[in-house]
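Please read them with the model open.

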Amino acid sequence: MLSAAAAQAPADSAQHEAAATGVADLMVAAQFRHIKIWFAGKLKNWRLAAYELDLMKSKLQEAAKMSVTIQAPDLTIKPMQSLREAIEKKDSGAFATAYTELTNACDACHRAIDRGFISIQVPVTSPFSDEQFVDQIAEGRALARSECGACHVVSENANEVSALRFPAPSFPSLARRPALTDESLRQFLLSNHRNLGHDQAMPNPRLAEYQIEEIVAFFATLRGGGQ
Ligand code: HEC
Ligand code: HEC
């Protein structure tokens with residue numbers, strides 16, 4: 001009886017701790033970041049991945065400081081370092097490996113503090129339907145170069161000359177037109193404007209909706225003076 005009660009004690013006191021100090025809430029905050037890091041890295045939005053990694057790290061540090069249960073050395077430090085290196089190198093393979101190691105380290109701690117029932121895995125689908133994990137601006141710039149660059153000068157780069165030297169206005173000059181708002185650009189890219197202007201005027205680029213949003217995001221950076 002006595003030994004059973006003693007075995008029970010750490011879990012009970014930790015439960016007490018979690019409720020009293022909010023360690024579990026900090027863990028949920030870290031968990032959100034853990035998920036976001038995955039989708040950002042998977043879609044090669046390396047700046048977002050680095051940003052979320054910083055936030056996750058500080059939440060885990062806060063939790064460790066607050067907790068009296070956490071005594072084991074923090075096994076997440078090494079995989080977090082590897083993850084940072086993979087993100088800096090923009091290396092998708094190394095990213096996936098380091099992420100899996102990190103996830104295993106989350107659970108190693110949970111098991112060490114008798115919380116083996118809290119089990120973390122590499123996320124399958126994003127619960128954040130309101131957040132895009134791609135870097136819209138970078139995608140928009142790449143798309144503009146590949147889909148529009150034959151006719152338009154895409155960015156304020158003196159060396160860039162549209163391949164066909166078409167009578168197409170440059171994107172920076174278009175972006176400065178007051179009449180060209182996000183909404184009018186969307187409408188323009190959605191419509192068939194084959195009849196716009198002269199005969200060789202622009203064909204409908206037939207972009208998907210998410211691609212249109214990427215172009216719109218990229219144009220917004222041109223309005224701000226270029227990036
Ligand atoms: C050094 C130890 C340690 C590490 C590392 C750790 N945790 Fe935790 N985790 C805890 C503690 C302590 C609790 C609170 C347990 C309790 O309720 O008593 C907890 C609880 C949780 C919970 C449950 C919270 C809830 O209410 O649902 C989740 C989810 C969680 N951790 C996610 C993670 C993730 C994701 C990582 C890795 C990125 C991680 N943890 C790394 C110690 C750790
Ligand atoms: C085949 C050449 C060609 C391609 C490819 C092309 N454009 Fe154009 N675009 C033109 C020409 C020519 C005009 C000028 C039409 C005119 O004023 O008669 C133009 C005009 C525009 C305008 C100004 C419309 C207005 O209201 O005056 C925008 C915005 C634009 N293009 C965006 C794009 C985007 C974004 C892409 C890539 C997804 C693209 N274009 C691809 C030839 C092209």
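1. Which residue with a positive phi follows α2? The residue is K44, and its phi is near 60°. Bear in mind throughout that this is a predicted model.

2. Overall make-up. The chain has nine helices and zero strands. Read from the N terminus, the order of elements is α-α-α-α-α-α-α-α-α. The chain has 227 residues, and 22% of them count as buried. Take the contacts between residues at least 6 apart in sequence: 55% of these join residues at least 24 apart.

3. Helix α2. The buried residues of α2 are V23, L26, M27, A30, R33, H34, K36, I37, W38, F39, A40 and G41.

4. The largest nonpolar core. This core holds 26 residues. Which members touch the most others? They are A49, L53, L83 and I87. At least two core residues come from each of α2 (23–42), α3 (46–66), α4 (77–89) and α5 (92–112). The largest share belongs to α2, with eight residues.

5. L53 and its partners. Leave aside residues up to four places away in sequence. L53 then touches I37, M80, L83, R84 and I87. L83 and I87 are, like L53, among the core members that touch the most others.

6. A second core. Eight residues form a separate nonpolar core. V153, A175, F218 and F219 are included in it.

7. R84. This residue lies in helix α4. Is R84 buried or partly exposed? R84 has 16 other C-beta atoms within 10 Å, so it is partly exposed; a buried residue would need 20 or more. The C-alpha atoms of R84 and A49 are 8.8 Å apart, although 35 residues separate the two along the chain. R84 is also one of the residues that L53 touches.

8. K57. This residue sits in helix α3. K57 counts as partly exposed because it has 18 C-beta neighbours inside 10 Å. I77 is 20 residues away along the chain, and its C-alpha atom is 8.7 Å from that of K57.

9. Helices α8 and α9. Helix α8 covers residues 182–190 and helix α9 covers residues 209–223. The pair packs at an angle of about 140°, with the axes 10 Å apart. The two helices are therefore oblique to each other. Their crossing is right-handed. On the α8 side, the contact uses D182, L185, R186, L189 and L190. On the α9 side, it uses I212, I215, V216, F219 and A220. F219 also belongs to the second core.

10. Helices α6 and α9. Helix α6 runs over residues 136–148. Its axis and that of α9 come within 7 Å and cross at roughly 100°. That angle is why α6 and α9 count as roughly perpendicular. From α6, the contact residues are Q136, I137, E139, G140, R141, L143 and A144. From α9, they are Q211, E213, E214, I215, A217, F218 and T221. I215 also takes part in the contact with α8, and F218 is a member of the second core.

Technical notes
Residues are numbered from 1 along each chain as its sequence is written. Chains are lettered from A and ligands numbered from 1 in the order in which they are written. This is a predicted model: local features need pLDDT of at least 70, side-chain atom pairs count only at pLDDT 80 or more; totals for chains, interfaces and linings use all residues. A nonpolar core is a set of buried Ala, Val, Leu, Ile, Met, Phe, Trp, Tyr and Cys residues joined through C-beta atoms within 7 Å. A residue is buried if 20 or more other C-beta atoms lie within 10 Å of its own, exposed if 12 or fewer, and partly exposed in between; C-beta atoms are placed from the backbone. Helices (H or I, at least four residues) and strands (E, at least two) are DSSP runs, numbered from the N terminus. Two residues are in contact if their C-beta atoms, placed from the backbone, lie within 7 Å. Axes are lines fitted to C-alpha atoms, for helices over the stretch in contact, and angles run from 0 to 180 degrees between N-to-C directions. Angles under 35 degrees count as roughly parallel, over 145 as roughly antiparallel, 65 to 115 as roughly perpendicular and the rest as oblique. A crossing is left-handed if the near helix is turned anticlockwise from the far one by less than a right angle, and right-handed if clockwise.
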